[in-house]
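Please read them alongside the sequence and the coordinates.

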Amino acid sequence: MCGIVGYEGTREACDILIDALSRLEYRGYDSAGIALLGQGAIHIERRKGKVEELRKILDGASLKGSIGLAHTRWATHGAPSEKNAHPHRAGDVVVVHNGIIENYLALKERLKKGGHVFVSDTDTEVIPHLITDYAQKGGSFVDSVRLALKELKGSWAVGILKESERTLVAAKNESPLIVGVGDGEYFIASDIPAIINRTDRFIFLEDNDMAIFRGRDMRIINVEGEDVVREVRQVRWSTEMAEKGGYSHFMLKEIFEQPRAISDTLLGRTREEEGDVEFEGVVLPDLAAVRKIWMVACGTSHHACMIGKHMIETNLRIPVETDMASEFRYRNPIMLPGDLFIAVSQSGETADTIAAMREARSRGASTLSVCNVLGSTLAREADNVIFTHAGPEIGVASTKAFTTQISVMFLLTLHIGRRLGILGRHDVRERLREIRAIPRKVRSVLDAAPSIRAAAGRYMSFRDFLFLGRGINFPTALEGALKLKEISYIHAEAYAAGEMKHGPIALIDDGMPVVCVSPADRTYKKTCGNMEEAMARKGNIILISDDGTHEMAARAAEVITVPSAAYELQPILSIVPLQLLAYYIADLLGTDVDQPRNLAKSVTVE
Ligand code: M6R
């Protein structure tokens with residue numbers, strides 16, 4: 001998705017903005033641009049392609065200016081091109097935008113009739129025109145911005161620069177935007193990693209906020225013109241956490257960070273002595289009255305929900321319904337007041353998930369979000385929030401967010417189980433011992449990385465993969481297939497192993513590797529049967545299991561053995577080799593692993 005950065009201070013803005021923009025590259029984009037206001041006019045440069053292309057033209061230009069905006073664009077309206085790249089300008093107003101203006105066509109028609117001339121195919125371009133239109137009617141700059149924003153329908157985070165008044169405005173509605181507070185300087189950004197090397201103090205703007213920066217002063221008002229007060233919060237992510245630290249890609253670094261990330265998820269929450277789990281500040285509603293739990297998310301986070309469903313239903317016998325957020329919202333779900341709705345999201349900014357949570361709230365559910373990003377919309381809007389504490393996840397392909405989400409769900413199951421008296425102190429103590437061992441076990445899976453890299457070399461030229469798993473291993477299979485297709489562009493699909501014979505078996509031959517996620521749990525024998533069926537059709541089996549001695553292991557084309565864990569925690573151990581397999585295949589194929597084509601890290605449009 002688009003990335004916004006801005007600066008207002010005393011230093012030269014150009015390098016600061018380009019550095020911040022390059023730290024947002026992980027969000028996914030197709031063009032980049034910058035606007036700098038020096039002593040005279042605003043200077044704009046835009047390029048199709050990477051930030052590096054923009055940097056090249058700026059290097060020779062030695063542009064001066066201590067106020068500016070920069071942007072990476074992920075095309076929604078209009079092809080990726082220089083003319084559609086941001087910033088967009090009308091008169092002396094320049095705008096960068098993330099989101100979608102749903103009523104842009106109507107606005108554009110009206111503005112055109114009023115004499116405004118448009119030069120791009122974007123929805124964004126209506127914003128500077130609308131602002132200048134209000135200004136031409138006599139409004140002050142701030143009032144013109146306010147009135148323009150009030151007319152927009154859809155989602156937006158915008159940075160707006162007014163040449164003649166040397167004023168910068170940052171405003172948002174349903175798209176993230178933060179303000180970084182420095183010493184005598186301010187930064188704006190779509191996400192914390194962009195400016196974490198500049199400051200650790202942040203203001204998380206709320207919907208309809210407008211932060212106005214003028215001559216080193218900042219004031220926040222809402223679109224009604226009323227002053228609002230927003231807390232400055234400290235974020236303890238180090239710069240190193242948001243950098244590659246010697247790894248060739250963020251994704252690989254993040255895969256290897258999982259033991260630490262899971263330990264951080266557990267930190268301060270487990271009470272071994274009492275056999276209990278506490279989440280600071282979380283007060284769940286009357287759990288005995290909860291008839292159903294809903295777990296809703298997108299992509300990888302949705303797969304984590306599917307695992308959470310197994311945990312809660314198996315251990316607590318409370319019905320759990322999972323759904324993709326984009327489906328949930330439009331299917332008129334039958335929720336009962338008091339149901340518990342859990343929204344799961346790494347970024348906390350996924351538009352579909354936010355919309356689903358709002359829908360659930362309007363139907364009387366109590367809301368809990370499981371998020372990684374402090375200050376994100378889902379974290380702020382939910383009645384309760386549990387942070388995964390995975391640290392910044394920069395690679396577009398989600399890895400440590402997934403395993404920490406599963407860890408949170410395990411802890412949540414124990415927490416609810418104790419409150420309802422379903423799990424006893426001894427039970428929980430035992431389970432806590434199991435999850436405490438997980439970081440060490442993940443480390444031992446990571447030790448097998450060289451052999452997984454070798455296997456990747458043997459499979460990188462196949463064009464189709466089938467992933468199979470049963471029960472709690474099915475979401476792991478879905479996640480393994482998602483990882484492979486996202487970053488290597490190889491077609492991969494996942495099926496519940498028992499479903500294979502109902503259709504996908506027709507595809508199996510020696511050109512289609514079959515990845516079986518099959519630990520020695522209660523579904524093991526059945527999945528072995530499915531592997532037999534695949535092998536009978538010349539399918540090459542890649543077996544991920546904690547049982548390396550089974551005769552199936554001897555007959556599989558590849559075996560990746562992982563340690564054993566409790567049934568509910570085995571997915572954490574099974575997914576790590578699949579993350580590595582996908583990573584190494586993509587790396588060998590030479591794809592853009594951290595910023596795969598067409599994908600965005602945080603999907604802030606519906
Ligand atoms: O930030 P979220 O967890 O809400 O993001 C949800 C999906 O967009 C995300 O998991 C996506 O599927 C990833 N690219 C998966 O690797």
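1. For the classes used below, Ala, Val, Leu, Ile, Met, Phe, Trp, Tyr, Cys and Pro count as nonpolar, Asp, Glu, Lys and Arg as charged, and the others, Gly among them, as polar. On that basis, the shell around the ligand is made up of 8 polar, 4 nonpolar and 2 charged residues.

2. This is a predicted model, in which local features need pLDDT of at least 70 and side-chain atom pairs count only at pLDDT 80 or more, while totals for chains, interfaces and linings use all residues. Residues are numbered from 1 along each chain as its sequence is written, and side-chain values use heavy atoms, with hydrogens and water left out.

3. There are 14 residues around the ligand, and Ser301, Ser345, Ser347, Thr350 and Glu486 come nearest; a residue is near a molecule if one of its heavy atoms lies within 4 Å of it. Helix 8 (299-316) and helix 16 (473-488) each supply at least two residues of this shell, where helices are DSSP runs of H or I, at least four residues, and strands are runs of E, at least two, both numbered from the N terminus.

4. Which domains give residues to the shell around the ligand? Both domain 2 (252-436) and domain 3 (443-589) do, so the ligand lies between them; the domain bounds come from an automatic or database domain assignment.

5. An oxygen atom of the ligand is 3.0 Å from a polar side-chain atom of lysine 483, and a ligand oxygen atom lies 2.7 Å from a polar backbone atom of glutamine 346. A nitrogen atom of the ligand is 3.2 Å from a backbone N or O atom of valine 396. Of the 410 Å² of accessible area that the ligand has on its own, the protein covers 92% (Shrake-Rupley method, 1.4 Å probe).

6. The largest nonpolar core has 84 residues, and those with the most contacts inside it are Ile293, Ile342, Phe465, Phe467 and Leu580. Such a core is a set of buried Ala, Val, Leu, Ile, Met, Phe, Trp, Tyr and Cys residues joined through side-chain atoms within 4.5 Å; buried means under 20% relative accessible area, exposed over 50%, and partly exposed in between (1.4 Å probe, protein chains only). Helix 19 (residues 570-589) gives the largest share of this core, 12 residues. Domain 2 (252-436) and domain 3 (443-589) both give residues to this core, so it lies between them.

7. Valine 126, in helix 4 (residues 126-136), is buried at 0% relative accessibility.

Methods: A polar contact is a pair of N or O atoms within 3.5 Å; within protein, one must be able to donate a hydrogen and the other to accept it, and residues adjacent in sequence count only if both atoms are side-chain atoms.
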